[in-house]
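Here are a few notes to read alongside the model.

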Amino acid sequence: MGRRGVSRTFWRAGWRRAGRWRFAVLLAAGALALALLVVLWATGRQTGGDGSPDGANGDRAALELGWGFTHTQYSADRGDDAARRTAAGLLTASRMPQNQHIMGWGVDNPEPRPGTYNFGDLDRRVAYMRKTGTTPVLTLCCAPDWMKGGGERTDWSLKSLEKAPDRAHYKDFAKLAGVIAKRYPDVRHFIVWNEFKGFYDEGRNRWNYEGYTELYNLVYAELKKQNRANLVGGPYLSMDSNPPGSSSNASSLRGPWGSVDQRVVDALTYWNAHKKGADFLVVDGASYTREDSKFFPDEFAATRKFADVTTWLRRTVDLPVWWSEWYVEPADANDDRKSWSEPHRTAVHATALIHFARSGVSAAFYWNPEETGADCPGCLWRSTELKGGGGGLPMLDLLSRFGKAFPPGAELRIPEVTGDNRDAVSALASGSTTLVVNMQDRRLTVEVDGNSLDLAPNEIRWTG
């Protein structure tokens, strides 16, 4: 309503009876109320540049989930009753966000035949996330066999599981995503697909980013149709990197750790230009090189890649950045990571988390590798399949403490480190809490903010 309309309204209400001063007060109050409504509308509407809903311009707190983990094949929702209660108590206390895929990684085929649904496993996982009081996240991957050239029988081979749906079934997959969103109305965060699985074009030696983006846009539209408050992100690309000095698909996104593969940059650039909307950006990656799993300059210094890539992503895409997976220890032929000691493993992960926090990551999900036996390097808790299982392990302690001390948006400080060993540690502080990581496999003494610390090899020390 314009200035002239306001004047007429108050004139009819009684200019002469109210007096000029009363009119001035009411006019000012009306203008203030109108301005407030405009501000609330602008901040709450959550629209992107193309007019579609975009949570990045809305409630950022809903997008900045912090440090959590992804459920895999074996998780704490199955096993010994006492062990499950123990693990549930730990997760309830930590309140870390939890992520689950809709097919595979502990969940059966959700739609084995068109229109016939099987949500038993997914119901159980979502119920577990609800029980432990977390913020639940669903990764919309993978696709039922009939959507990718198969039949009603589920082929659980890796080759089949990681196959993308046929283009003729993109709408069917989007419909399934909508059914899932409607089934779990309290779930608000959705990631579309996983690592561009099945979208590599061998003939053109590049990613089929056109196909993925088409699928993404259909899923995005369906999820927003179910509930405009649903928050949707992609493209869940692996930020693979090559060694320093390599000319093979080298991009300008580089550092002492190497350079990100140009084909990945091309895929992300296309998705960003052609997406119909997004609330957050999702990537994953490792600190070592794509081929030969080499570290540059070493396993600790190579974690700087996470900060460099995050900084570039935030500048390029202007969305909250999520890391759906991250890896600092190379896998063997069986995809196991068992070559490092637990202190070494957690120390490198702690250094990576420091880089995440300093570069402004909004969420990161640790890929939890729980096994059924007692031997489980890097796991968050002792297997709930075991009597007396469910107890927390060093990585859970690191993740939960880091999440509480350095949540997204916290005021961070780099502690003053002095002495001969100042380059041998990484450190981060917020408020009265300080984290110091010994990056050496030897005992050392270092001065941190004027305090002398005697650190064991690869020790993670919390002070304050």
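**Notes on the predicted model**

1. Let's begin with His349, which lies in helix H10. Please keep in mind that this is a predicted model.

2. Is His349 buried or exposed? Its relative accessible area is 5%, under the 20% cut-off, so His349 counts as buried. Its side chain makes a polar contact with the side chain of Trp326, at 3.1 Å. Leaving out residues up to four places away in sequence, His349 touches Val328, Tyr366, Met395 and Leu398 as well as Trp326.

3. Trp326 also features in the largest nonpolar core, which has 115 residues. Together with Trp193, Trp323 and Phe402, Trp326 touches the most other members of that core. Which helix gives the most to this core? Helix H10 (residues 342-359) does, with eight residues. Another core, of nine residues, lies apart from it, and includes Ala427, Leu444, Val446 and Leu455.

4. Trp323 is worth a look of its own. Beyond its neighbours within four places in sequence, Trp323 is in contact with a list of residues that includes Met239, Phe306, Val309, Phe356 and Phe365. Asp284, Gly285 and Thr310 are also among the contacts of Trp323.

5. Finally, a check on helix H8 (residues 262-274): at 1.5 Å a residue, its 13 residues should span 18 Å, and the end C-alpha atoms are 18 Å apart, so the two agree. Which residues of H8 are buried? They are Arg263, Val264, Val265, Ala267, Leu268 and Trp271. An α-helix has 3.6 residues a turn, so residues three or four places apart point the same way.

Note on methods:
Residues are numbered from 1 along each chain as its sequence is written. This is a predicted model: local features need pLDDT of at least 70, side-chain atom pairs count only at pLDDT 80 or more; totals for chains, interfaces and linings use all residues. Side-chain values use heavy atoms; hydrogens and water are left out. Helices (H or I, at least four residues) and strands (E, at least two) are DSSP runs, numbered from the N terminus. The expected span of a helix is 1.5 Å times one less than its number of residues. Buried means under 20% relative accessible area, exposed over 50%, partly exposed in between (1.4 Å probe, protein chains only). A nonpolar core is a set of buried Ala, Val, Leu, Ile, Met, Phe, Trp, Tyr and Cys residues joined through side-chain atoms within 4.5 Å. Contact means heavy atoms within 4.5 Å. A polar contact is a pair of N or O atoms within 3.5 Å; within protein, one must be able to donate a hydrogen and the other to accept it, and residues adjacent in sequence count only if both atoms are side-chain atoms.
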